[in-house]
Amino acid sequence: MKNDAENGTTQNQTYSTVFSAKTAEQFKERIKHHLMSFQGRDPMRAGPRDVYKALSYALRDVLVEKWIETQKNFYAKKSKRVYYLSLEFLVGRTLGNTLINTGLMGEVSKALEQLGYDLEEIREVEEDAALGNGGLGRLAACFMDSVATLKIPAYGYGIRYEYGLFYQKLINGYQVETPDNWLRYGTPWEFERSTYLFPVHFYGKVYNYLDKSGNYRSEWVDTEDVMAMACDILVPGFNNGHVINMRLWTARASRELDLSIFNAGDYIQAVHGKVTSETIAKVLYPSDEIREGQELRLKQQYFFVAATFQDILRRYKKKNISFDQFSNQIAVQLNDTHPAIAIPELMRIFLDNEGLSWEKAWDISTKTFAYTNHTLMPEALETWAVDLIGRVLPRHLQIIYEINQRFLDQLTQKYPGDTGKLQHMSIIAEGETKRVRMAHLAIVGSHSVNGVAELHTHLLKTRIFSDFHELYPGKFNNKTNGITPRRWLLKCNAALAALISGKIGHDWITDLDELRKLEEFAKDPAFQKKWRMVKLENKKRLARIISEVCGVNVNPDTMFDVQVKRIHEYKRQLLNALHVIALYHRLISAPGQSVTPRTIIFAGKAAPSYRKAKLIIKLINSIGEVVNNDPRVGEKLKVVFIPNYNVSLAEKIIPAADLSEQISTAGTEASGTGNMKFSLNGALTVGTLDGANIEILEEVGKENIFIFGLTASEAEYEKQHKSRTPAVVYERNVVVKRIVDSIRDGVFSYGDREIFRPLVDDLLNENDPYLLLLDLESYLDCQEKIDCAFRDKKTWTEKSILNVSRMGKFSSDRTIREYARDIWGIKDV
């Protein structure tokens, strides 16, 4: 089946564009113009990369006209502005998304055909923008799309990293990290704003004094300075002429070089400051295993926060001479604790630069900030050593201590004599190394704290931050995550989008609840047949990618069982691997037994310093090597690990999935958004009652999802009381014992009994925090039910259609409306 929508024959016949009316002929001429004037290339000799850049510049011309109009409207309406601060924006590729949202796919495709190029070939040239790592960054990118589509006056602020997390290679089954230099060819989508160049200070000392009125003042002096330069990437709303921008900061030296040192002949030292300064924006998440890496991470966080607030103040002061209206005109959303240093930074600006009293500054500041929490893992809550902050940001440490002292005074009044509560809630954690608890700072310094799924928010209130919820009963609220249907259905699964639109129209693109209209076709044999054809074509496309990248031939008629996400113990890729081994044992022990053929697909990156996660990757690849080369198995079971998972790869994997593995230990996943993407593309979910899985269950119905394992409360009980232990499960269940023994005995490691010993030891450890063996029996039973269900194609297809039809709640448009209404104070959306 031809992917009509991606080739432009569906998108522009179904809705008219409000963006500048450009014909194919006009685009052809603009492409030629940009080839010559911007790139110095002869159009007759240009290659795909040249044409990609020229086309991107031509589209950017269209966007910038609408962006200027949008900004003028903000000023004319005196709109309250939202500033979304995130250390990550995992935007993926921009070209396809721009064509979708502007409705220009058809005209651009024709223009390229006339020039002798194929649009799909040009789209594949673009590098994924390596500005994020996982769900946190992808959520931020979805939010930007929804903010633009809903015409909310907002900006995304972050860092323009030169290098992403890393480019993942698999060598002998092991993850090997290489630099992800996504900007090696530059990017045509950004505007470098050299006029927006702000100094950011580090180190130095604090000079305290009394001003003429006898007020206590502080001045931060003798600092080392780095310049922050703005780079804007434009984000169009869907077919509405509204264009916002992400403003990403890159680092520049305060001086290009030290001429006195240069003239003295020490050329290397002369540019040392420039090189050191610009390191700040070089790489996403430098290793925090060493002191220098920790310091660089802290500097990155403050760098983008400090630049952002200079930009916010610049914009605010255009129309205001006092700060009385600051929190009425500005809302700042902190996407996790990475930007939480913004709280003492705004206080520093108000106190030291603007001369406000502490009381007034704190009142404005707390009304301005809101904080989104993204983790339930206490060990993952960010803290910084007091000594490190004191050296890098000495004035901010003073302000944090003052915030904490006033907070502790408040607690003392409310809980007299309860020193334990004060220690537990203090922003400063006492110990051998004093540390600043950034989540506590964010909670105390914000007017709103939200979780990202109903279970997550409940656990924040009752387990992680229960004392804070008791102190601030109205502050905690839930905003279940969502995904943008423009990228995660209309763009990535254009054939399915076209099939849906052919039945129910196109309103679902901006109102995902409209998908409910599909329910009446869920049992329709003709519609089911077309639905399966779309899925099969998506699976064939992925099979080709697997063959090219992994060297493994897979059968698209098999069940595509998919788990793609960051590799982490709590996400339990290892549990999935144990099921693979169980399937393998069944196939070789009972070759005549009827089984449902499966292709089990993994992808994801492990943090470079996360040795256990990297060992899990090795195990998966070692299992695949054995299974894929055993002639007794054939096409009944294949195991592949696709390297270098990113947004563009996700857009090819997700539409091809039959089964979505969302199997984290209950009570560990804040929300998850991959679960939503798979369901929106017709995959059925196998999962625990964790994160947003619970809400997906509530929406799609228990008969259309496969749930197994302990609940969050049961998991917590087992961790504390150990009513069952992994050793007992291992000894009593012969299937489980054989799985574990095969790993321990070297079946998947050429007889090497040591290589995977750490994983075996963890599986049998009674203190295993991820409860793998305790959930394994339930997981295996659930997979048996899935095997049977998949053989009934009509019923499986019906469930698939119903999953898609009931995904309305999980649009990021809904999430952003709730943020705007409940947190940001923007009613007119």
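Trainee: Which helix does Lys-794 lie in?

Mentor: Keep in mind that this is a predicted model. Lys-794 is part of a positive surface patch, along with Lys-529, Arg-532 and Lys-793. Two helices, α22 (525-550) and α33 (793-805), each give that patch at least two residues. The one that holds Lys-794 is α33.

Trainee: And does Lys-794 count as buried or exposed?

Mentor: The cut-off for exposed is over 50% relative accessible area. Lys-794 comes in at 61%, so the label is exposed.

Trainee: Now the salt bridges. Which residue does Arg-598 meet in a salt bridge?

Mentor: Look for a carboxyl oxygen close to a side-chain nitrogen, with a cut-off of within 4 Å. For Arg-598 the N to O distance is 2.8 Å, and the partner is Asp-787.

Trainee: How many residues apart in sequence are the parts that this pair ties together?

Mentor: Arg-598 is buried at 1% relative accessible area, and Asp-787 is buried too, at 3%. Arg-598 sits in strand β18 (residues 598-603) and Asp-787 in helix α32 (residues 772-791), so the parts they tie together are apart in sequence by 189 residues.

Trainee: Arg-41 and Asp-50 also meet in a salt bridge. Is Asp-50 buried or exposed?

Mentor: Their N to O distance is 3.1 Å. Arg-41 is partly exposed, at 34%. Buried means under 20% relative accessible area. Asp-50 has 18%, so call it buried.

Trainee: How many salt bridges does the count come to?

Mentor: Some are linked in a network, such as the one with Arg-193, Asp-232, Arg-247, Asp-311, Arg-314 and Arg-315. The count comes to 63.

Technical notes: Residues are numbered from 1 along each chain as its sequence is written. This is a predicted model: local features need pLDDT of at least 70, side-chain atom pairs count only at pLDDT 80 or more; totals for chains, interfaces and linings use all residues. Side-chain values use heavy atoms; hydrogens and water are left out. Patches are made of residues with over 30% relative accessible area and no salt bridge: like charges are joined within 9 Å, nonpolar side chains (Val, Leu, Ile, Met, Phe, Trp, Tyr) within 5 Å. Accessible areas come from the Shrake-Rupley method with a 1.4 Å probe; for residues, only the protein chains shown count as cover. Lys and Arg count as positive and Asp and Glu as negative; His and the chain ends are not counted. The place of a charge is taken as NZ of Lys, CZ of Arg, CG of Asp or CD of Glu. Helices (H or I, at least four residues) and strands (E, at least two) are DSSP runs, numbered from the N terminus. Buried means under 20% relative accessible area, exposed over 50%, partly exposed in between (1.4 Å probe, protein chains only).
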